[in-house]
Amino acid sequence: MKTDKKQNQYRVNEQIRVREVRIVGESGSSVMPTKEALDMARQQGVDLVEISPNANPPVCRLIDYSKFLYQQKKRAKEMKAKQVKVEVKEIRFGPQTDEHDYQFKLKHAKEFLEEGNKVRAYVFFRGRSILFKEQGEVLLLRFANDLEEVGKVESMPSLEGKKMFLYLAPKKAGVAKKSQQARDREANEAELKEQKHQAAVSDIDVETPANGGLFANAKISADALKKLTETEDE
């Protein structure tokens, strides 16, 4: 039978055999004999749960034990969900990588670091290309310098066999990458908002004074009023 490790982690009721305990709750805390705390738990129809056994005296709560375990599991689940999973992403170069390939890999490395991942960049020396190890070192140092805003060097370039490695860590905590669906939805919402804004602007027939605008409208209204007055006089 599978045992619940979380359930066996805490001592409950008669399992608590110390002379006195500290009871904590919403109203504060108080130290009392363990027997008195057990009687109080029975009167309230709850359990005496030891939550900090190493304190002096041990700290306990008066709470339904099954509810307490549920709260602990829920809290652990929430903390796990907030944690950003750190991965190590690899970027591979050759000793004579061209500029276009370099910029392409630099862009990906920046994205990896912004998402909170580490980057292991290395130059692979094939055959006699090991003669260009200084060139590979210069390439990795340039790479680190170009990423200094988002990444910090954990380990300077070092040669291990036929590979020269450089390790970078993110400067800031990573932000969860949005799915393509979410990005498309946000783009569509922004476009729709802009269309509504443009439609609203086009409905307002207001021009600048240089193009007639308000002054022209005022003049037209005045002329219309004058003609109306003349007609009434006739």
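Is phenylalanine 165 buried or exposed? At 9% relative accessibility, phenylalanine 165 counts as buried (buried is under 20% relative accessible area, exposed is over 50%, and partly exposed is in between, using a 1.4 Å probe and protein chains only). Keep in mind that this is a predicted model, where local features need pLDDT of at least 70 and side-chain atom pairs need 80 or more, while totals for chains, interfaces and linings use all residues. Residues are numbered from 1 along each chain as its sequence is written, and side-chain values use heavy atoms, leaving out hydrogens and water.

Phenylalanine 165 forms a stacked aromatic pair with tyrosine 167, at 6.1 Å centre to centre and 20 degrees between the planes. Here, rings of Phe, Tyr and Trp (its six-membered ring) pair if their centres lie within 6.5 Å; planes under 30 degrees apart are stacked, over 60 edge-to-face, and the rest tilted. Tyrosine 167, at 25%, is partly exposed.

Now look at tyrosine 65 and phenylalanine 68, another stacked pair, with 6.4 Å between centres and 15 degrees between planes. They're three residues apart in helix H2 (residues 65-82), so about one helical turn separates them. Helices (H or I, at least four residues) and strands (E, at least two) are DSSP runs, numbered from the N terminus. Tyrosine 65 is buried at 12%, and so is phenylalanine 68 at 2%. Together with Tyr10, Tyr65 and Phe68 make one aromatic cluster.

Finally, find the open sheet: four strands in the order E2-E1-E4-E3, with mixed pairing. Two strands pair if DSSP finds at least two bridges between them. The edge strands, E2 (28-33) and E3 (47-52), each pair on one side only.
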